[in-house]
Amino acid sequence: MKSLKVSNSFAELSPEFYTRLQMQGLRHEVKLLHVNPRVAELLEISPGMWKSPEFLEIMSGQADLPGGVTLSAVYSGHQFGVWAGQLGDGRAHLLGAIESASSAMPWEIQLKGAGLTPYSRMGDGRAVLRSSIREYLASAAMDGLSVPTTLALSISTSQDRVRRERVETAAIVSRVAPSFVRFGSFQHWYANKRPDLLRELLDYVCDRFFADELKATHDDVKDKVLDFLDIVIHRTAVLMAHWQSIGFVHGVMNTDNMSILGLTIDYGPYGFMENFDPHWVINHSDHQGRYAFSQQVNIALWNLHQLAHCFTLLGLKEDELRSVLDKYADYFYDSFFEIHAKKFGLIELTSEDDDLFNDFWMLMAKQSSDFTLSFRRLADIDSNEQQWLDLFKNPEEAKAWLIRYKARRDQDDLSATERQSMMNAINPLYTLRTYMAQEAIDAAENGSAEVLDYLIKILQNPFIEHDGAERYAEPSPIDKQNMALSCSS
């Protein structure tokens, strides 16, 4: 590990942004459960490195990353639409960033579950094996689907005990991203009336992460803020288009859980849609349905409004901020329809396709068909129409839609092979179903990482068939569809 080039640019910010501290790592019977080879390769961490005692010590929170600076960041935010005040990394420690030749940006390494921080509030600073595996699998699944996301490098386990709904074993997942700065990182300085630190954070993000996207060098802070917001709004809109296209429900879209880089971040009670229900709420604490699947696009815009409002502290006017926020809808729909044209095997979707497009969603909702397979099997209707129809309780209604779809599809100048190839490259055969994650958890709690390893391989290549995975390419068992989860998940 000492051969890696390590830095920590976040530690170069003013000390108000973070607290430097020692981790309280895992202690009893510490083991490395799994390393994701794809992420390790991205970081230029060789198998020899990850099999070393030093790697385990670092990834289990027992030692700092050589050359790094261990810290926890402060931020604030809205939780379920209510201002929660100061939050921060309650159980996360940023170790540093690893530079690699394969990436223009260094990759920050953050451990989740390595003990108390000044921002833990009523928490214990720990993570359990169950939630760590779920995050580990989710980041691999999103990466395999080409959805912007934080990654996960490894899971370390121990026999340390942690109380959640029940007593469980402690674990640490190492998370990887160019940055973990959030909307709430900016809200914190607005709430504390610190325009100097708000500007410092703005300059840091723009100079380090958005330099190639900013239109020009900005001497005027107003122009810089508006350009910055335009980038964040666009990235967030594209992220929402991806989420809606794969049936992903985040579950806790608080402003402190929104990445300034447009990444999926902070996997808690998340889920991938099984039988389609537009009003599905994955988080059983979300009694009002604020973060239901059908609400995510609007909630992201609400969160962007909270972010934008921070910059009134730097002298921007509400109407100036609104002018850039108004671009969100176009950014979202441009991306959403571009993705779905490919999902339906069409060259493009136009306004003339609105009825056909909307009727498909209504058909899935009315008949609770499997979200993933309703798209995937559409590519094979010429050779196996019945397999697609079997997803619907009322196949006659589905067949009536299919006749209209075929007529529209055949208007495009695409061969059957070209169309099928395009559809199968964007419509996954496998998705991370909740029962699949639970199988990996059950096996890991019994000391085996075999199921976890197998699922990682499937989820990182979800568009091709995998031997022995036939049941994962079928609808979930009825009693395991669209289950709700707790925040500790």
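Helix H7 covers residues 221-246 of the predicted model. The N-terminal end of H7 is capped by Asp-220, a side-chain oxygen of which lies 3.1 Å from the backbone nitrogen of Lys-222. After the helix comes Gly-247, which has a positive phi, near 75°.

Asp-256 lies in the loop between strand E12 (248-249) and strand E13 (271-272). An unreviewed UniProt entry annotates Asp-256 as "active site". Asp-256 has a relative accessible area of 6%; because this is under the 20% cut-off, the residue counts as buried. When neighbours within four places in sequence are left aside, Asp-256 is in contact with Tyr-75, Ser-76, His-78, Gln-79, Leu-87, Arg-182, Gly-184 and Asp-266.

The protein as a whole contains 17 helices and 13 strands. For 489 residues, a compact globule would have a radius of gyration near 23 Å; the protein has 23 Å, so the value agrees with that of a compact globule. Along the principal axes, its C-alpha atoms fill a box of roughly 65 × 60 × 45 Å. Buried residues make up 59% of the 489 residues. Among contacts with a separation of 6 or more, 73% join residues 24 or more positions apart. The protein exposes about 19,700 Å², of which carbon and sulfur atoms supply 49%.

Terms used:
Residues are numbered from 1 along each chain as its sequence is written. This is a predicted model: local features need pLDDT of at least 70, side-chain atom pairs count only at pLDDT 80 or more; totals for chains, interfaces and linings use all residues. Side-chain values use heavy atoms; hydrogens and water are left out. UniProt positions are given in the numbering used here, feature names are shortened, and annotations may be inferred rather than shown by experiment. Helices (H or I, at least four residues) and strands (E, at least two) are DSSP runs, numbered from the N terminus. Buried means under 20% relative accessible area, exposed over 50%, partly exposed in between (1.4 Å probe, protein chains only). Contact means heavy atoms within 4.5 Å. The expected span of a helix is 1.5 Å times one less than its number of residues. A polar contact is a pair of N or O atoms within 3.5 Å; within protein, one must be able to donate a hydrogen and the other to accept it, and residues adjacent in sequence count only if both atoms are side-chain atoms. The radius of gyration is taken over C-alpha atoms; the globule rule is 2.2 Å times the number of residues to the power 0.38. Accessible areas come from the Shrake-Rupley method with a 1.4 Å probe; for residues, only the protein chains shown count as cover.
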